[in-house]
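Please open the model in your viewer and keep the selection tool at hand. This tour goes from one selection to the next and says what is there each time.

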Protein chains: 4
Amino acid sequence: MSTTDRELRVGMVGYAFMGAAHSQAWRTVNRVYDLPARARMALICGRDTGKVADAADRLGWDAYTTDWRDLISRDDIDVVDVCTPGDSHAEIALAALAAGKHVLCEKPLANTVAEARAMTAAADTARAAGVRSMCGFNYRRVPAVTMMRQLVADGRLGVIRHVRATYLQDWIVDPQFPLVWRLQKDRAGSGALGDIGAHIIDLTQFVTGQRITGVSAVTETFVKERPLPAGSSGLAASVDGSGSVDGNAPATGPVTVDDAAVFVARLDGGALATYEASRFATGRKNALRVEINGSLGSVVFDLERLNELEFYDATRPSVEQGFSRILVTEGEHPYMSAWWPPGHIIGYEHSFTHQMRDFIEAVATGADPAPSFADALQVQLVLDAVTRSAEIGSSWTEVQPALAAVAV
Amino acid sequence: MSTTDRELRVGMVGYAFMGAAHSQAWRTVNRVYDLPARARMALICGRDTGKVADAADRLGWDAYTTDWRDLISRDDIDVVDVCTPGDSHAEIALAALAAGKHVLCEKPLANTVAEARAMTAAADTARAAGVRSMCGFNYRRVPAVTMMRQLVADGRLGVIRHVRATYLQDWIVDPQFPLVWRLQKDRAGSGALGDIGAHIIDLTQFVTGQRITGVSAVTETFVKERPLPAGSSGLAASVDGSGSVDGNAPATGPVTVDDAAVFVARLDGGALATYEASRFATGRKNALRVEINGSLGSVVFDLERLNELEFYDATRPSVEQGFSRILVTEGEHPYMSAWWPPGHIIGYEHSFTHQMRDFIEAVATGADPAPSFADALQVQLVLDAVTRSAEIGSSWTEVQPALAAVAV
Amino acid sequence: MSTTDRELRVGMVGYAFMGAAHSQAWRTVNRVYDLPARARMALICGRDTGKVADAADRLGWDAYTTDWRDLISRDDIDVVDVCTPGDSHAEIALAALAAGKHVLCEKPLANTVAEARAMTAAADTARAAGVRSMCGFNYRRVPAVTMMRQLVADGRLGVIRHVRATYLQDWIVDPQFPLVWRLQKDRAGSGALGDIGAHIIDLTQFVTGQRITGVSAVTETFVKERPLPAGSSGLAASVDGSGSVDGNAPATGPVTVDDAAVFVARLDGGALATYEASRFATGRKNALRVEINGSLGSVVFDLERLNELEFYDATRPSVEQGFSRILVTEGEHPYMSAWWPPGHIIGYEHSFTHQMRDFIEAVATGADPAPSFADALQVQLVLDAVTRSAEIGSSWTEVQPALAAVAV
Amino acid sequence: MSTTDRELRVGMVGYAFMGAAHSQAWRTVNRVYDLPARARMALICGRDTGKVADAADRLGWDAYTTDWRDLISRDDIDVVDVCTPGDSHAEIALAALAAGKHVLCEKPLANTVAEARAMTAAADTARAAGVRSMCGFNYRRVPAVTMMRQLVADGRLGVIRHVRATYLQDWIVDPQFPLVWRLQKDRAGSGALGDIGAHIIDLTQFVTGQRITGVSAVTETFVKERPLPAGSSGLAASVDGSGSVDGNAPATGPVTVDDAAVFVARLDGGALATYEASRFATGRKNALRVEINGSLGSVVFDLERLNELEFYDATRPSVEQGFSRILVTEGEHPYMSAWWPPGHIIGYEHSFTHQMRDFIEAVATGADPAPSFADALQVQLVLDAVTRSAEIGSSWTEVQPALAAVAV
């Protein structure tokens, strides 16, 4: 750590899966990177007193509160880290920005385009006052993903022709898996689409430097009714037996989000793309896979093997061309100088550590971190186009511009 | 070989890539399988006398002719094997059936739905007279593919939720690759769609036992103008320098087929499917890959590793679940009892050997081989739906029924 | 974290690669596991005041000292964590045990069998007084490795026939890589053999539950003279240009350890084993790979993909047998309940986190952690047998018993 | 096929596994390669009249005989192809050479060094008379293997440091698998060592261009007694129930060959090598795997994926280094111009087709094919050194020179 005494006092809202992952990152980031400021895990917020007190103790936060408005109003908080379900992102982030706090907000930015637009506008206003904001598309900071972007930016792939992105999981294949909040539209906004589809939308736009301009989509809910849960936290849940009337038929409720979303897209650089997000891909646990084909080369990435990147360089002698499995663990690879010797792999959690690194650096040096709320709004606009296309028989649907035309 | 003296005298039309592959299969099939009839490589047909004479000698055919009508009219030919480009399939196959010859016709069955309907009708008529017909979707006979179908049929995958099929090649990424017949609509019917997309349509319908009912599609031609070739054969070609006026600007012509086709589909059993066929996937040489996810398991197949099948069995103890890489080289695996000891892999060509095995057996025993022309018509109807959907802004497009409704 | 207030105050000696890895583990362990005691990162020790002060600040230790005797003599230290090169393990560990401190000592336990015997004896004595000791063979705590052991222990592999273990790196392939301490026998004891060979010896004995009884070995030093370094730390170093007399010929010194060691071994359960440790395997960064074949099944592990385990179950139906790639990221897998959802991989560093977890639990509950110093002595005895065999023309050499016969 | 009328009339002795594989190759070779002579499958020889008659019919040989001496004595045979078990190689090959026949002899060349020396001497004598001889180490002709050799020869790997070769199978893991001829020393010479170990000895010497100079070895027979077979052919066999006296205890016999052989070796170019051949590696069907590490790069080959080669080029930019999976299916790759378009894989059998191609070309053009009997003798000398080392407690054992010193 540098000799700096500057501290960034973080207040985090939420303590489930994302809260735990963010805590591990805040705890680690200054231990491995030499940064112009130190994060202090100052305050954690959750609605249930017992649970948040326990989380504060377990995860290592100095204090806790049960009221996010309290968190935002405190003078000793510099950064608000929003790790709640999507339905509260807008309210919390808007209040935090208004209070002059730097904001790191989990993805998807919001549950609706309208919310995302409002948040983006607020972020723009706040920026003028030196307040920073960032959306947590953490996979951009997987070293292999950052390296993919560099290869594309350096022209190593030539003209991009194809993007092929899937994000596959299987945690709700069992029809008896309960109706957790991620399966409820009012809480989660959408299902696989916003939860994991948003990741591959952002990642592919980030890597290619191109934006999706239009889509043709289909969404599906395979299991339309599920048992009500006793309670849920993160991705785990158990069926509430007590919801049953007679011990045989537990109470059920409708699944109001998509189980799977697939769409074809065009990017503004001319590429043709396919996307698939599903929670019904048996055997696929966290299979974010991206392949990009260009006129001069191709890259392939698989989040389950996140320390590896496959790169095909079509400018090499033809008899030697092949997909090279690069272990992205060298000190020269993005973010990796801080870690272990080559071949000693890092885990999923450090996509967040790297994110916190860049966020702290941006805040401390007065720069704007990326992805901005505007970037995240663009993802939201794609999600919106997908939803609309699916509603009108998959007809081609343009992604709305981020800056809405002014009505005359 | 059995003690049978029954011979099936084969006449093959075409001698390029498919002709060579079929020859290797006809030559081999009775050497490894004990069948009720022996194929005799009696006659090969091509338009160029010198070339077809050379092909006959090199590939091992008893005789040659330059007129396919001659081939069909001969009494000493029992089977007509159609290996020409798609624009002549209908004419040759219809004539052959009318002449009472058993017909094996390469895929896609035809260049248009109308042709495919006529061929199917003719096949139905001929069947009544004991004449057999089959379309050459050879990948059904890759042992791992046959095994996938058996797993599905045995209920090992449960309810099919997802089909994910790609067939990727890269042989025309270079804009200077010439305008061979496969890039001309009047010869080939379509581009990647009919050439390789047809394979994954048939394969996935075969494996799942389900039919595609509707699609939403996009097609693309990335390189719209290419140099005219000096001549072309199979997948190889060279640019005709003499087409240039001043030595700098070779004559070019328009590419009239798709370079890539992507579509989302629904299957009649409820599965959601994605398909992609492209000749612009740099680094992918013959990458037919299929993944099928069901409620009880998943399978994955890759034609570049055609002796392997990945199978995920979700009924196993949860801590031991994983994709098993099955080497489909055991004597108990489909078609494999005739080959080498376990672990000694077979090549692409034997998908044809197995096809010939089943064709010979069906003809000799008076059974109908599959896929029938009707099966191939169904693929043609999907190709047609894809083309129509792409023309109307990707709007959802139903696959027409094979039996057209009678107009009143 | 539990409600316990019990604290284990840790004093760590060394702050290079292992020091950083251990720090990350001490920092993390109580944040993810609920344990009967909390580790406190109390004191770090190193010889260079400036560097150790910086390390204390960067890695997050409460205080620092430059004298390990001071560290051991303090009353407010409960645990001594020895992360120095092998030549000081014995002296520090013996003093720490004598002072009643629990000791965690990095591997290999010592540079000689004599030292290891003395340490084991001291650990036995200390155990009677409730003092715990453990050797840091951290790879035992990779979840997939722990799972391999369970599969063997459960009889899933049947009778073990073959062990095939390699640990390959390539960081000294370049003859200009300098003569760091790891290449000096007086500091490191041996080269690839003790550094990485020790890991695969321990790991395979741990997994199989069998001990190596004899070996036939070859060792090799490919590059016998190297430039002297300006200084070295961990695995990194730079050549000291100032060592050169005339600017052209830098001072060099002899490499006194092995670059590679290969040996054949027999295990006491009847298995035949091969081992290879090398720093000259170009392209292999941290390739610890182990395959074990038994009469009923096989397992394969690769440290570069440490979240995966391949398991072949020969009791399944023969047509479905194959190596299953198990993602060892389920909550039911060893150590994984504390981490992320399935498919979200963990990194190398958590082999240490899991080690600290088990160490803390053992100390807090008064149990003996494994691997004990006696276990580590057994590894040392194998290293010794390898060295002796290599010196006598690879002749078969028995591993000495841990308990030396008493001379009369 | 060229316009040549020159025919090479082949007489093959043996019709089991190797006989079938050779037949497929003889049948195919002139159909895919344009060669200066045509092979004619003239005569097949086996001891059992019924079986050899059937084999002639099934495999497509013009005629058959039950006496190999008859085969050799005929004027209308140019080439003798020896596919029998090892105990008859010497007698047949010596007689054939004496009769002026070109000889292709399966590997291992013989069952003893003495036989191999006699055969080599005879081949040298015959060469002077224009008679050609070759030993069937067919894996040299796998395109990826040939390419490995070229990479090494071109200096792309730099100085070879390590060779790591395994050939693993599992067909006798079951103790009830019967005592087939391959498990009898008097028929087979040795077990895994000569059968599959010989392949990796030849292959690695071929690829590296280096010879093994000494070894330290261990061999093992895990199952020492097995049921007597009813009969055996190739790799398949069934237990002879009639060998049982009372229906419960079938007659058994001793296994007189090794089940597994492992050895460390040094090559004359300075490389350190490990070899393992086993028939007890559960789950490994035909796993010939070779990795070679040099100062500038590495290569990896796996026979179960024989169309692929992994190549690591350490001269590339460090951040892009990785093992490239090269699909060795391009027309520019060794032997591949005759086959299918890129990505369409070939099978195991074509290692023989390529072998026949080179043999025919050498015979027709009056050149000496490789590997010569002298090359095969060198492999035999390594097998002999392995056996001797295993007998003397693994002590380092020099490989005898091919030209034995004259005793005074």
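The stops below begin with a whole chain, go on to its domains and a sheet, and end with a pair of chains.

**Before you start**

This is a predicted model, in which local features need pLDDT of at least 70 and side-chain atom pairs count only at pLDDT 80 or more, while totals for chains, interfaces and linings use all residues. Residues are numbered from 1 along each chain as its sequence is written, and chains are lettered from A and ligands numbered from 1 in the order in which they are written.

**Stop 1: the whole of chain A**

Select chain A and colour it by secondary structure: there are ten helices and 19 strands, where helices (H or I, at least four residues) and strands (E, at least two) are DSSP runs, numbered from the N terminus. The radius of gyration of chain A is 21 Å, close to the 22 Å that the globule rule gives for 408 residues, so chain A is as compact as a globular protein of that length; the radius is taken over C-alpha atoms, and the rule is 2.2 Å times the number of residues to the power 0.38.

Of the 408 residues in chain A, 60% are buried, a residue being buried if 20 or more other C-beta atoms, placed from the backbone, lie within 10 Å of its own. Among contacts in chain A between residues at least 6 apart in sequence, 71% join residues at least 24 apart; two residues are in contact if their C-beta atoms, placed from the backbone, lie within 7 Å.

**Stop 2: the two domains**

Now give separate colours to domain 1 (7-139) and domain 2 (141-368 + 383-387) of chain A, whose bounds come from an automatic or database domain assignment. Their centres, taken over C-alpha atoms, are separated by 22 Å, and the contact takes 33 residues from domain 1 of chain A and 37 residues from domain 2 of chain A. On the side of domain 1 that touches domain 2, helix 1 of chain A gives the most, with nine residues.

**Stop 3: the parallel sheet**

Next select the six strands of chain A that form an open sheet in the order 3-2-1-4-5-6, with parallel pairing; two strands pair if DSSP finds at least two bridges between them. Strand 3 (63-65) and strand 6 of chain A are the edge strands, each pairing on one side only. Strand 1 (residues 7-13) and strand 2 (residues 38-45) of chain A run parallel and are joined by seven bridges, and Val10(A) stands opposite Met41(A) in strand 2 of chain A.

**Stop 4: chains B and D**

Finally, show chains B and D together: a rotation of 180° with 0.0 Å of shift along its axis superposes chain D on chain B (RMSD 0.0 Å), which is the relation of a two-fold axis. The superposition is by least squares on the C-alpha atoms of residues with pLDDT of at least 70 in both copies. To find the axis, select Gly347(D), which of the residues of chain D comes closest to the rotation axis, at 2.0 Å (C-alpha).

Key:
Buried ≥ 20, exposed ≤ 12 C-beta atoms within 10 Å, placed from the backbone.
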